[in-house]
Amino acid sequence: MIFSNIKSSLLFGLASLLTCTACDSFLDKEPLNEYSVATLYQTEHDIRLALNGLYREIRGFNPDGYPQFSEYVYATFTDDAYDRRGAAQSSDLDFSSSKNKLAQDWESRYAIIRNINEFLARAPQAEGSFADPQLYKRYLAEARFMRALNYARLNFLFGAVPLLTEPTEPDFFPRRATREKVFDFVSDELAAIAKDLPEKYNNANDVGRITKGAALAIQARHLLNGIDWYPDKQSLYSKAAEAAGSVYKSRVYSLDAGEAGYQKLFTRASANGASNEAILTLFYNRDFKSHGYQVVILPKGAFSGSRSNNSNYIGATNALVESYQMKANGLAVSNPASGYDPAKPWEGRDPRLAATILKAGDMIPAKGGDGKSDLYVFDAHPKKNPTVTLENGKIIGSVTTDDVNKNEINRTGYGFKKYMDFDFITPVKTDIHYHFIRYAEVILLYAEAILGKDADINKAMALVNEVRARVGMPNVVTSYGAVNSKEKALEIILQERRSEFALEGPQRFFDIRRHHLGEQLFKDGNVYGIPLGDGRNANANVKDGDLDNAKKIIVGKRNFNAIQYYLWSIPLVAIQQNDNLTKDPE
């Protein structure tokens, strides 16, 4: 076996698949007592219900709030974020074969693949009931997309893995396929199914379903994720440029305009087709598919609904905060000519910083309140107690709950703002949607693919400028000067990806691995948080934006191991179940 505690079943989790769907707009509920092995997969209606259930299994935010089963967890394996539980969650970069994270990714994704294979094997029973043959092909393409999505991640994380495309029995012990075979399968599948998917849906009930743009965008991402090992790197750049370019030139998508458009992406305002740049969005609903993301991330002092405390496991690092440029000139804060003021570190910065990081001085709903009117000033410094005076003269102060020297809190001193929700009723009743991939990423994937394919620096930098201009950042030349080499151009693209997608998902993790940046980024094994003072002793007079590492709190240690980091080992638990996994791939 390749996954544990999963039994063969013709209904493959009927309870979870048919009672919920992935999207408000295509929500279907059916009583379970109307289904049996004999009646399932007989009609078009059955197929749609089962397919909607598969949408529920696309990983974004975990319904129960668990980070390890969510897309954002990969940020904790980078220089952007840290989980205070350290080694227990591999935030220390220990990816040895016995670590839980490896087994969780392996087992959960193969369980999903198995459900999809069951669906694809049984769907032909209902083909004759479809009045529109193209609709039948589209439904199968949607399921194949989800399978390719999971194989893409398994292939990226583990390399050579078993490639299963048909239902299997519990006593089946497969060998691994070669890394290249799995990689090509994913790319070929996404290219093939794109032909059976529409560019957009005109029926409101289908908003949120997989499109041609989603298949090609994920294909471009997948192709560029292989550039560090795939034998024919040039073919990857060419195919990625074609896929991303097709989405870019389709004019189906556009960037949500301005700083407000960027901020809107991570709120309910971007839901249900309201965002022009949403390519693949995972929908949530408070009644049928909600999540508890905010409980995992929010400070202890923040609104907790019916729960006594937030977990406050994960925080942003100082390295991420300092990576954002100055808005006026696009210079790094470490550049003396940038105009950066350590005493006012949040002023004049790239607007995406304020949209991403919960920082000292931000007012947020207080624990014990109603989530709206009862506020406090967030500050994690043990010796500072900032206050804010409202227009009505009321003074809002901070609390000691969030101090970095307290136990069982995120000690970086920086929280997350993206996708945060204070208007929740119970801890796992949040419904802000998650953008799995959006148009800004396609633009930057296209830029990187063009750079690799044709060495067209000017076109690549023009694409980067499109993303920067949305939030009012200066163009590349103003920020970096003349760009005369592919190496410099790539560095700019990766910096832009970091600023644009920080803390959203695995984008930074992808970049570090595929460009082998780990040796450089993790040379200093310390994970730094907010500046406290000389010798890291809390001092109320310390500047919030001091760039001296000696004044910053150390919140954890990382031991970078290139062999483990760049390619995860097959989980020990999987090998114990199936020793064929130790044999050479075929």
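The largest cavity is lined by Trp346, Lys359, Ala360, Asp379, Ala380, His381, Gly413, Tyr414, Ile530, Pro531 and Asp544. A cavity is a set of points, on a 1 Å grid over the protein atoms alone, where a 1.4 Å probe fits but cannot get out; lining residues have an atom within 4 Å of a point. The model is predicted: local features need pLDDT of at least 70, side-chain atom pairs count only at pLDDT 80 or more, and totals for chains, interfaces and linings use all residues. Residues are numbered from 1 along each chain as its sequence is written, and side-chain values use heavy atoms, with hydrogens and water left out.

The largest cavity holds about 110 Å³ of space. A volume is the space filled by probe spheres set on the grid points, which are joined across faces, edges and corners. The cavity lining comprises 6 nonpolar, 2 polar and 3 charged residues. In these classes, Ala, Val, Leu, Ile, Met, Phe, Trp, Tyr, Cys and Pro are nonpolar; Asp, Glu, Lys and Arg are charged; the others, Gly among them, are polar. Across the whole structure, 11 cavities of 30 Å³ or more were found.

The largest pocket contains about 1,100 Å³ of space. A pocket is an open set of points with protein on both sides within 12 Å along at least five of seven lines. Its lining has 36 residues. Asp79, Ala319, Arg498, Arg508 and Leu521 lie nearest the pocket centre. By class, the pocket lining has 13 nonpolar, 14 polar and 9 charged residues. At least two lining residues come from each of helices H10 (318-323), H14 (476-480), H15 (486-501) and H17 (518-521), and from strand E11 (526-531). The most come from H15, with 6 residues. Helices (H or I, at least four residues) and strands (E, at least two) are DSSP runs, numbered from the N terminus.

UniProt, in an unreviewed entry, places the feature "domain: RagB/SusD" at residues 305-585. UniProt positions follow the numbering used here, feature names are shortened, and annotations may be inferred rather than shown by experiment. Over residues 305-585, the chain is 31% helix and 13% strand. The end C-alpha atoms of this stretch are 50 Å apart.

Ser338 lies in the loop between H10 and helix H11 (351-356). Ser338 has a relative accessible area of 5%, so it is buried. Buried means under 20% relative accessible area, exposed over 50%, and partly exposed in between (1.4 Å probe, protein chains only). The Ser338 side chain reaches the backbone oxygen of Ala332 at 3.5 Å. A polar atom of the Ser338 side chain also lies 3.2 Å from the backbone nitrogen of Tyr340.

Ile425 sits in the loop between strands E9 (415-416) and E10 (434-438). Ile425 is exposed, because its relative accessible area is 57%. Ile425 and Gly305 are 120 residues apart in sequence, yet their C-alpha atoms are 5.6 Å apart.

Helix H6 (residues 212-224) has 13 residues, which at 1.5 Å a residue should span 18 Å; its end C-alpha atoms are 19 Å apart, in agreement. The expected span is 1.5 Å times one less than the number of residues. H6 is mostly covered, with 12 of its 13 residues buried. Among them are Gln219, Arg221 and His222.

Arg138 belongs to helix H4 (residues 133-158). Arg138 is buried, with a relative accessible area of 11%. The side chains of Arg138 and Glu142 are joined by a polar contact of 2.9 Å. A polar contact is a pair of N or O atoms within 3.5 Å; within protein, one must be able to donate a hydrogen and the other to accept it, and residues adjacent in sequence count only if both atoms are side-chain atoms.
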